Structure formats: structure tokens, C-alpha cells
Amino acid sequence: MQTDPNPKKSKDSPSNSANTESTQLPSPFPDEVLEKVLSFLNSDKDRSSVSLVCKDWYNAERWTRTKLFIGNCYSVSPEIVARRFSKIKSVTLKGKPRFSDFNLVPQNWGADVHYWLTMFANVYPFLEELRLKRMTVSDESLELLATAFPGFRALSLMSCDGFSTDGLKAIATHCRNLTELDIQDTDIDDFSGGWLSCFPENFGSLEVLNFASLDSEVNFDALERLVSRCKSLRVLKVNKSITLDQLQRLLLRAPQLMELGTGSFQEDLLPGQIGDLGNAFGNCKNLQTLSGLWEVTSIYLPVLYAACASLTFLNLSYAALRSVEFGNLLAHCPNLRRLWVLDTVEDKGLEAVGSSCPLLEELRVFPADPYDQHLHRGVTESGFVAVSRGCSKLHYVLYFCWQMTNAAVATIVQNCPNFTHFRLCIMNPGRPDYLTNEPMDEAFGAVVKTCTKLQRLSVSGLLTDLTFEYIGKYAKNLETLSVAFAGSSDRAMQFVLEGCPKLRKLEIRDCPFGNAALLSGLEKYETMRSLWMSSCNVTINACRRLAREMPRLNVEVMKDKESDDSQADKVYVYRSVAGPRKDAPPFFDQKRSNIQWNVHQFAVYPFMHV
Amino acid sequence: MENSSSSSIVSTESEKNSVLNLKETELRLGLPGSDFLGKKAGTGISLFGKDLKNEGNNGFSQIPLKNLVSGAKRVFSDAIDGSGKWGFSMKGGSEVDLGNGGSENTNALQSCLAGPSGKEIGNPNPAKPVEEKKNENNSTAPASKAQVVGWPPIRSFRKNTLATNLSKNNVVEEKSGLGCLYVKVSMDGAPYLRKIDLKTYCSYAELSSALEKMFSCFTIGQYASHGLPGQEHLSENCLKDLLHGSEYVLTYEDKDGDWMLVGDVPWEMFTDSCKRLRIMKGSDATGLAPRAMQKCKSQS
């Protein structure tokens, strides 16, 4: 099969251990037994722990690992990975910093998957699954993927860019065993829907098909035939071009669906058609997830009711529903665990959530009008409180609003002390408690004091250093912290760096944190995945110093062309065993040679805001 | 916290000026305790000069507003929109001129300011959209009124999709349904506004007579009598007669935020894009007098 770069030790193990480090005890197990046992380990964390026990275990682990998870594609190199693991079948790779979702990272920053793929083609030709998040993927890469891996089965692209529907054509044409094609939140060049017609007529292995974020119309007949052939199809998320009438026909072909993303939900239907649609939904007894509902016309919502009994995840975040029709729909969804909505449902809609969804664990409320064209409608603190009263199991919330109070948040966490993810976005930067005019410090203080299991926190509103003092003091399980327009001084950031032992990702924008803050985390950053700081008060010299003192950190500075020479407009710091990356965008101004100091660790490049 | 008349803007502004040392002639975007330098032409506005670091207001931090991107054109009416939150009186149809006139700063800002000092942070809408002249540094302005790059933190895909949805959906003020389209109607000089359902009319003539009845103490004009029955849009002659014959002009704000003269486009198109109506005094409508049927720019 493949040449194993590191041949195993011979089978008579106990005496052979003498060949390894003298401090090691002989292993009680033959290699095969250890490997067999370890092959049952799936969790990456467990596998990491196992690999640290001793050399035998390290080797046994690496020979049995089949799933690779790399949270930051630049923390390691393809070569290092290839040397260590030989049997990888599934890869998850994440690329750009999360703030690239919000256009804060330059276009050509990096995270191109191609180099990884060429390595995989050499070392892991039996690769079956590839899951990418925030990576750049070219059509060429997709073609390579489609042709170099005969057993390839599952492709998932989340928030990726760089490819077009031509690349999808290659996938559809060549991947004979494809079970999953999942494209999410992706802005690509959508030339035409013809890619879907490239699935061969005898191809029927799809289990997951998600093309909801693509725009152009696919050939409906081809889609219908595809759906009919794929008897194991359990996830189908179509795009806006699919009409209600077409949806009904698809549902007839695939009543076994567990996850459905509808197309456009707005069309003039005859009464007979409405009935058919209702029946089609009624046939779907296994539906757990429902999404899509683009441009929904509320009078058609009742067709969904029959399928809602088993729903656990309802994603209405593209459907501008009002409170009444929303409430009516919710009444049919008693088993909801996860709910995503637009704030058009307003507080009244959230009250309905509180009363209809006792099992709710996750709530995300998105703003329909984030740029405030209609003057601060949406949800307020009362909606949030109402949900917390009715949904005691709530542990994940993402809430966009225009106003909040300390008292409300305190009430909320009292009702729901089990938050693991608390992401509150008060949309006007630096907004205080609108009733008391005080900072929102006490709100987040309440969150971290009460919710001891908190892993992820996003703060907003007017915040002083006190918030961060609370976080450092109480948020002992915190792994991810997002901060914007907050804090009064360096102390804030220091509190967090000193106080949160499990911190892995820290992202900061537009805060008054400077060099002292940055440099207070020297050793801390090696225990974290990454740090992002933009529009703060950090200078390039401080970044240089950080890079110099911590050789295993990569320090990247993105400069605004117009800004002061000494300012580090955006800083991205991450640990890496691969050293500085070689694919950073080139310098655009040679006169900045004085900044090329220690360039192998420290890249400074211009930020061309696109 | 309250500014109850337009004149208080100026005094507010000077208060703010003395605290924050801004150019006196300009109205500025004001977040509580925030400051603007806007010193470098052509750059994203940076609040974070080291100079500002210690100028705390009542101990609260400066709120930076970096990387302001060019927003869409800003219409004065946004500022004086009927929302009580801004505390502006609609009496006399206050025409606050938020134009750039007089500003040499290329990063001219328009805003409506309430609550000037750091203490009065109860200002509910501190961060109004900002207009900024494009510079080579900034991205192409999105159609929406983005004020800060990447804020609120919403993914592009979602933003783009919602923007499309918004422009398609009419502003529905009442319960959902295909049947209603309520918009506010203001009239200069009137003490309160009204709301009408555009869907209940099918021509400009009907709209005009309804408005006439509603604001019966004022003369709106004789749309119907000049046009042919059932005529879809008003002829040029009609409008000219209107303007001459009446002291009022009917205008509306469209989806892009521009103030348009009612009557230019077919009725259907009008109801699709009309967000609110304003009956302006004819004398104030000089910029909107149609010599030809073209889109008029806002006063700014």
C-alpha cells in the first residue's frame, strides 16, 4: 500500500523497548493490541493526550489516526503532517482568522488549500473526506480533489472562497462515490447551475447535498432525477431558484429526508397546490432540521405544520417573519432544540419562544436590518428575558439587539445558569445600559460569575476594564473571547491573559489596548491557538519584540497603507511548529525595508481593503 | 438628553466642540464620550491618536470609530425622522441642514446629535450612519449604510441576502400579509403625522384626494382635476400646474433614501419604492421642482 516512512518496531515488544529511551518501562502490550485499542479513540483531544504518554503510545496513536483536525492551517505544515501520520482518511482544515468573515482580513491573505492537496495526493491517496473552513479553494484544487482521490466521498466547504461552479462540475463529474457535497456561506463565482447536471445518470450515492448559498438556477429535472436515485439522501438544502412547486415534487421523491432547506417560499400557488405541498411535508416524518424559507410569504407557512412535530432545529434566519405567524409556527414545534430567527419577530415572537419551546438549547437572533435603516426595530432585552424564563435549558445564545440593561442580563443568567456560549451584540458600539446609563460591566460580570461552564463569550456595549477584571477572575473555562469597542486601558487585556487558563482564541478590535497589553501575554500566546488585534494601539516595534522573544509564534502585521508607519493596524499572532509561512502577500513598498527585520518570523504586509 | 428643537443642535454642537475640540461649523457623529480627529484626509478616521488617550469623559473609555467606510448618501430626513428617540420635534418640519457646506475636511460627516457630553449617555442612537467621501483607501461603498468596517459582525453572505430581501419586501407596519403597505405621511406645519395604507389606492389621483381629506385644512392641489381619469402617472403639465397652483409639494422617500417628487413613475413602481411621504411647503421644494422627469438628489 503506502510506504510507511517510519517502520514499526518488531513484534516481540517487551525486550525491544530497551531500544527506546532508557527511562521507559517495557510496554505491557504488543503494538497491535495497543493500536487496536487506540483505534477506537475518535476525539482529537483524547488522541493528543494519548500521544503524550510515551513514545510507544505516540507511535501507536499516529499509526492509528485516521481523522486529522487542524484548527489553524499555518500552525503546522503539510510536510510535518505527512511525516507523522500515514493513514489519514479525513481532514478538517481551518484557515483565515474569524474576522475575515467581516471583511477585516485582506483578500489575498492566504489559507490556500492547494499545497495541502498536493501533499495529500502523494501521501493520502485514499483520502475520503475534506472539510474546509475559511480557506481559499481554487477550481484547480477542486479538480485535483476530484481526480486524485478515487475513494473521495465527502466535501464540505464553509465560508470558503476562490472557486467557481466550474470546480463543482469537476466534483460532480468525477467523484463516483460522493456521499456529501455541502457548501455553506460561500460567495463564489456562480456561472451557472449546470454543475448539478454533471452527476452521472447512474450516480446515486449522495446522502448530503447543500447548495443553498449558490445563486443560479439548476436544471430541475436533473435535480429531481438525482434525488430519486439517491435513496440514502438525508440532507437536501436547495437554493432560492427552486420554487414551491418544485419543492413539493422533490419532497415526494425524498420523504426520508432528515434535513431540508427549502427554496423560495413565495409564489402564487393554487389551493390544490397548497394542499399538495402540505401533504408532501406531512409525508416527511423524519424531518429534524428545516431551513431556507427565503422570501417567505407567511400565508404558506401552515404547509409546514405537519412536518414540524419532530423538528429539533429550525433555521428561520433568512425568513422575515412577524411575531404572529412565527408564534403560530412555533406552536407546532414543541421539540425544538435549536432556533435561529430574524429580529423581525420582535420581543413578542420571543415570548412565544419562551412559551412554546421548553426544550430549547440554542437561540440565535439575527438583525434583519443591521444598518439601521428602519430605526432600531427588532428585539430588546425583554425578548431575551422572556426566552430565558421559558427555556431553562438554554445554553447557547447569539443575540443582536440595539439596547440592553445590566439588570436584564443578570436575570437571564439567573434563569439560565448553564450558558456555554454567550454572544451578545449590542449593535451600536459603546452603548451603555440604556436605563441607567452605566456601562454594561455588571451584565458580563453576572454572566461569568453565574455561568461557570462558559466556553465562549462575545461582549459589547460600553465596557470598562471592570468587565475584563470579572472575566479574568471568574471565566475559568473560557476558550474564546471576542471584544469590540470596549475596555479603558491595557489592564483589561492583561486581566484576561492572566486570568483565563483555558483561553485559546482572543479576538479584539477597536479597543484601547496597546503594547503593554500585547506584550503581557508573551508566554500565554503559545498556549493559545491565536490572537487577533485590529485598530488597537499596538506598534510594529512591539510586534517585532514579541516575534523576537517568542520564536514559536508567528506574528503577522497587516498595515493600512495610509496609516502611521509605526502603527500595527492589524495583528495576528499564532503558535506554529512550521515556522513563518512563505505565502504571505508580498511587500508592496520596497522602501519599507527597515521593517523586514527578522522577516522569517514576522511578516508585515499591506492591507488593501477591498 | 433631550434636544427638543433644531436650534439646540447648534448649541449642542458648541458644547461638544468645547469639550472635544472639533470644528465649530460641523455637525459630527457623536458616540458617548467619543471624539473625532479626522485628521488625515483620505484615511479611515482614527479616534485613537495617542493624544486622545487620556481625554476620558467621566472615566469612560473613548469609543473609537476607525475604518469608516463610505456610506450611502445620507438623507436629512433620517435625522429628523419621526422617531421620538432623537427627541426632535417635527414642528414646522424642521429642516436641519446637515450638508457638507463649509467643510474642508474630506471626511465630512453628517449626523444628528443628541446628548453631547459623556455623561448623557442615554442617547439611544449614537451611531448614525456616516457619510464619507470615498478615498482610495476605502472599499467600494456597499449600498447599505455601513458605518464601520465589519460591524455589526455579520457574515457577507447573510448581509447580502438580507439586503436583497429588504429591498424586495415592502415596509410592513402592520401585521403580515400581502395586503397592506402603511407609510407615514408628514406635512410641514402639521402638529402630527398620519399613516396611510398605499395598497388601498390604485392611482395618484386617489392618493391625492385621500391626503387632501386627511390634511383637510391645507390645500394639496388638484391632482385629479388635471389628469385624465385613470391615468397612471402625472403628466408634466399636471405637475407644473400643481406647483404653481398650490403651496405644497408631495414628496416621498424611496428605498435608497432619496427624496423624490411624487408622480414621476408609474403607480406600481411608486408603491414599491415609497417608504414615507412628506408634504413639503412649495418654497422649500426648490430643488425638487421637476423641469424634466428625473430623479432628484437630496438636499445634502
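In which loop of chain B is Pro152(B) found? The residue belongs to the loop between helix H2 (76–79) and helix H3 (156–168) of chain B, where helices (H or I, at least four residues) and strands (E, at least two) are DSSP runs numbered from the N terminus. The structure is a predicted model, in which local features need pLDDT of at least 70 and side-chain atom pairs count only at pLDDT 80 or more, while totals for chains, interfaces and linings use all residues. Residues are numbered from 1 along each chain as its sequence is written, chains are lettered from A and ligands numbered from 1 in the order in which they are written, and side-chain values use heavy atoms, with hydrogens and water left out.

Chain B contains 7 helices and 5 strands. Along the sequence these elements follow the pattern α-α-α-β-β-α-α-α-β-β-α-β. Of the 300 residues in chain B, 54% are buried; buried means under 20% relative accessible area, exposed means over 50%, and partly exposed lies in between (1.4 Å probe, protein chains only). The chain exposes about 13000 Å², of which carbon and sulfur atoms supply 51%; accessible areas come from the Shrake-Rupley method with a 1.4 Å probe, and for residues only the protein chains shown count as cover. Among contacts (heavy atoms within 4.5 Å) in chain B between residues at least 6 apart in sequence, 62% join residues at least 24 apart.

Backbone geometry was examined in both chains. Most residues other than glycine have a negative phi, and most peptide bonds are trans. In chain B, the bond that joins Trp151(B) and Pro152(B) is a cis peptide bond, with omega about -5°. In chain A, Arg134(A) has a positive phi near 55° although it is a residue other than glycine. Arg134(A) is placed in the loop between strand S3 (129–133) and helix H7 (139–148) of chain A, and it counts as buried because its relative accessibility is 9%. Phe485(A), likewise a residue other than glycine, has a positive phi near 55°. This phenylalanine occupies the loop between strand S16 (480–484) and helix H18 (490–499) of chain A, and at 1% relative accessibility Phe485(A) is also buried.

Cysteine pairing was considered next. Over all chains, the structure holds 0 disulfides, a disulfide being a pair of cysteine sulfur atoms within 2.5 Å. For Cys308(A), the closest cysteine sulfur is that of Cys333(A) at 3.7 Å, so the two are too far apart for a bond. Cys308(A) is buried, with 1% relative accessibility. Cys175(A) is buried as well, its relative accessible area being 3%.

Side chains of opposite charge can pair when their charged atoms come close. Over all chains there are 31 salt bridges, each defined as a side-chain nitrogen of Lys or Arg within 4 Å of a carboxyl oxygen of Asp or Glu. In one of them, Arg98(A) and Glu507(A) meet with an N to O distance of 2.6 Å. Arg98(A) lies in the loop between strand S2 (90–94) and helix H6 (114–123) of chain A, and Glu507(A) lies in strand S17 (residues 505–509) of chain A, so this pair ties together parts that are 409 residues apart in sequence. Both Arg98(A) and Glu507(A) are buried.

A further salt bridge is formed by Arg504(A) and Glu479(A), whose closest N and O atoms are 3.2 Å apart. This pair links distant parts of the chain, since Arg504(A) is in the loop between H18 and S17 of chain A and Glu479(A) is in the loop between helix H17 (465–474) and S16 of chain A, 25 residues apart. Arg504(A) is partly exposed at 27% relative accessible area, whereas Glu479(A) counts as buried at 18%. Asp510(A) and Arg509(A) also form a salt bridge, with closest N and O atoms 2.8 Å apart; Asp510(A) is buried at 1%, and Arg509(A) is buried at 2%.

Asp441(A), in helix H16 (residues 441–450) of chain A, is buried yet has no salt bridge. The nearest side chain of opposite charge, Lys449(A), is 11 Å away; Lys and Arg count as positive and Asp and Glu as negative, while His and the chain ends are not counted. Leaving aside neighbours within four places in sequence, Asp441(A) is in contact with residues including Asn406(A), Thr464(A), Thr467(A) and Tyr470(A).
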